[in-house]
Amino acid sequence: MNYARVRKRPSQFESVTSVTREEFDDILSYFTPILDRRMRRTTRGTVRLNKRSFPETLPSAAHVLFF
């Protein structure tokens, strides 16, 4: 399922996520800094030394939240 494609269709987006696009954007504004904080550390709890990046399949915080 493609986030960008589904986002363009309001009724399909709401049926998949159970929220409207506006509500999703509001949730995303809270989710993004939390995800960023989580990605600063490794699973062992140490500070990540290399670049924090999203995999190609989930290229942004919006994709992660949508998934």
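Analyst: A polar contact is a pair of N or O atoms within 3.5 Å; within protein, one atom must be able to donate a hydrogen and the other to accept it, and residues adjacent in sequence count only if both atoms are side-chain atoms. The structure here is a predicted model, in which local features need pLDDT of at least 70 and side-chain atom pairs count only at pLDDT 80 or more, while totals for chains, interfaces and linings use all residues. Residues are numbered from 1 along each chain as its sequence is written, and side-chain values use heavy atoms, with hydrogens and water left out.

User: What makes the link between the side chains of His-63 and Ser-60 a polar contact?

Analyst: The side chains of His-63 and Ser-60 meet at 2.7 Å, and the limit is 3.5 Å, so the pair qualifies. His-63 is placed in helix α4, residues 61–66. Apart from neighbours within four places in sequence, His-63 is in contact (heavy atoms within 4.5 Å) with Tyr-3 and Leu-58.

User: How many helices and strands does the protein have, and what makes a stretch count as one?

Analyst: The protein has four helices and zero strands, and the order from the N terminus is α-α-α-α. Helices (H or I, at least four residues) and strands (E, at least two) are DSSP runs, numbered from the N terminus.

User: Why is the pair of Phe-13 and Phe-24 called edge-to-face?

Analyst: Rings of Phe, Tyr and Trp (its six-membered ring) pair if their centres lie within 6.5 Å; planes under 30 degrees apart count as stacked, over 60 as edge-to-face and the rest as tilted. The structure holds four aromatic pairs. In one of them, the ring centres of Phe-13 and Phe-24 are 5.2 Å apart and the planes stand at 90 degrees, so this pair is edge-to-face. The pair links distant parts of the chain, with Phe-13 in helix α2 (residues 10–17) and Phe-24 in helix α3 (residues 21–39), 11 residues apart.

User: And why is the pair of Phe-13 and Phe-66 called stacked?

Analyst: Here the centres of the Phe-13 and Phe-66 rings lie 6.1 Å apart with planes at 20 degrees, so the pair is stacked. This pair too links distant parts of the chain: Phe-13 in helix α2 and Phe-66 in helix α4 are 53 residues apart. Tyr-3, Phe-13, Phe-24 and Phe-66 form one aromatic cluster. Leaving aside neighbours within four places in sequence, the contacts of Phe-66 include Met-1, Val-6, Val-16 and Thr-17.

User: What makes the charged end of Arg-7 count as sitting over the ring of Phe-13?

Analyst: The charged end of Arg-7 lies 6.0 Å from the centre of the Phe-13 ring. A charge sits over a ring if NZ of Lys or CZ of Arg is within 6 Å of the ring centre and within 35 degrees of the ring normal.

User: Why does Leu-28 count as buried?

Analyst: Buried means under 20% relative accessible area, exposed over 50% and partly exposed in between (1.4 Å probe, protein chains only). Leu-28 has 16% relative accessibility, so it is buried. This residue is found in helix α3. Beyond its neighbours within four places in sequence, Leu-28 is in contact with Ala-61, Ala-62 and Leu-65. The C-alpha atoms of Leu-28 and Phe-66 are separated by 9.4 Å, although the two residues are 38 apart along the chain. Of the 67 residues of the protein, 18% count as buried.

User: Why is Ser-18 called exposed, and what is its phi?

Analyst: The relative accessible area of Ser-18 is 60%, so the residue is exposed. Ser-18 lies in the loop between α2 and α3. Most residues other than glycine have a negative phi. Ser-18 is not a glycine, yet its phi is positive, about 70 degrees.

User: How does the radius of gyration of the protein stand against that of a compact globule of 67 residues?

Analyst: The radius is taken over C-alpha atoms, and the globule rule is 2.2 Å times the number of residues to the power 0.38. A compact globule of 67 residues would have a value near 11 Å, but the protein has 14 Å. Its C-alpha atoms fill a box of roughly 40 × 25 × 15 Å along the principal axes. Val-47, in the loop between α3 and α4, has its C-alpha atom 32 Å from that of Ala-4.
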